[in-house]
Amino acid sequence: MRENDKAIFTLLDTQRDWRARSVERMEFSSARWVERTRSYHVMPLRDTLKKYMQGRILKPTSAWVRLPVGTLPKDLLLGFELTVAGAPTYRVLRSDSGGMQARYLMNLASAAGLPTTTPATFSTVSWPKISLEDLLDEIFTFEGSSWRKACGAQCGPHNPLLQYLSDGIFGTDKRGRKYLTAQVLEYWKSLTFDPMKQILGPRIEHEYNERETLATENPLLVLPRLKELGILGSFPHKSVSMLTCWRELNNLLGMAAQQSINPHATQSEREAAARLISSYGDYGYHWVVFTDCFIKLDEPFTVTMRERRPIPFQDNAVRKSFHFWTMHRGVTQKVTFNDAASNQISLHATDSNVEFAHRSLKVLDRKKKPLRPQPRQEYKNDELYLIYSNEDSRKNRIHVKSVLRPTFPIRIIHRFILIAILVTGLALGLTLSTSLVGAVTAAHLALILTPTTFAASLLLVRESSPLSASLTKAMRITIALSLAGLWLSIVALYLNDDIYAPKPPSPRPTPTVIPVRDVHS
């Protein structure tokens, strides 16, 4: 059944029926990475797949199944491990996943009662042919590394998309003029990006991407790939088939949006149309992870995925301004919260030097607003944040917001040392600005500065965990600069003769003792 698309589509449609429980654990133990482990408790699949086993003489007890085991963001995977029923397995190729997602979307279109298109044909044989399914395949397979590399993190200075599509893709004519001009690009964007924004913007859970970095929202990004595959032919700027496919994609999504609220459509058609819109928007951000596994159809089993993701520290302007004092860093994790009958998510501060600011732990939707409805169960303390829900109406994607900080003793010690240095500097300044100028000796300064310097030095060189060191980095730099400034001030005052260093007293002469002779001798 791993080659049976209908069986795979059924598994995608009924994930909450055969996944009894989803448990995700996130551990913060490193300054750069969060360890994520997600487990699915899967019920026996015979009832879900029985209609695809009809007609067989013998009743199979096991089968090869292409199983959708979750989703992953379109980023590089680090430390990825996948086990099914305790046996290590692998994920299918991303190109195969993209093709499966494209066929699934076309299946949803059929289920919603929407017309599906076929490859367009033209009388001129030089026109290349491209189907809507082919375009969806490339859109879902696109992961954006070449685009991000070409335009940089801020998407370039002026028109990066024009440069990206022109360099090595469309080229120039015999006179050196570019085939693709800014006017042509704006016309293409009016056929792709602008309609996508109108259709998807109000209907997807996340904020619409205004930076044009997702192929689902800006299909122009897949043109280099289509050129590599030879689909665009020798004159991509004249590809009528490509323009036709863009219009067909817009029409499909527009009709799905209308069908999802059509009172004359059946309930199943409205649900399929709504799922088509949400799936298309979500596939721009995530891969669907498929794996080919051999399972027993009458026994439950567990699917486990492990990976490491970067910690995306996110600080607001106020927290960032006072980060050296608070030593707080905000972290937001994106998680799936409605892909099983019940979902449980837990965040763990496994570093003994770090804790959660539990009053800042909260759950948001993908538009960064308070989640509605709230999780059925919630528990939080300094080391653990746990949420659980089995509500049918819960959101599919949520943000779990937390704030990491050093433990209370570490924060107090850092603040005490910084205050001691500042008070010492203030006292020194007030002393030297009064009538005591010239009366402060080096011995007085040594008595005042030695304890503070010794304590600050121990703190700065103290070994700590990488995560704790990352959180206290700004405070350590502030302490080091304050201590350096204090000592530079002392040196400057000494060179200016504002600090009195008395000379040691000269030794007193030793009296000479003359022995007295006995007069009677």
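Which residues in α4 meet which residues in α12?

1. The model is predicted, so local features need pLDDT of at least 70 and side-chain atom pairs count only at pLDDT 80 or more, while totals for chains, interfaces and linings use all residues. Residues are numbered from 1 along each chain as its sequence is written, and side-chain values use heavy atoms, with hydrogens and water left out.

2. From α4, the residues Q101, Y104, L105, L108, A109 and A111 meet E269, A272, R275, L276, S279, Y280 and Y283 of α12 (contact means heavy atoms within 4.5 Å; helices are DSSP runs of H or I with at least four residues, and strands are runs of E with at least two, numbered from the N terminus). By class, this contact has nine nonpolar, two polar and two charged residues (Ala, Val, Leu, Ile, Met, Phe, Trp, Tyr, Cys and Pro count as nonpolar, Asp, Glu, Lys and Arg as charged, and the others, Gly among them, as polar).

3. L93 sits in the loop between β5 (87-88) and α4 (94-111). L93 is exposed, at a relative accessible area of 58% (exposed is over 50%, buried under 20%, partly exposed in between, with a 1.4 Å probe and protein chains only). Between L93 and V289 there are 9.1 Å in space, C-alpha to C-alpha, although the two are 196 residues apart in sequence.

4. Q344 belongs to strand β9 (residues 343-348). Q344 is buried, its relative accessible area being 17%. Not counting residues up to four places away in sequence, Q344 touches R21, S22, V23, E24, L386, I387 and Y388.
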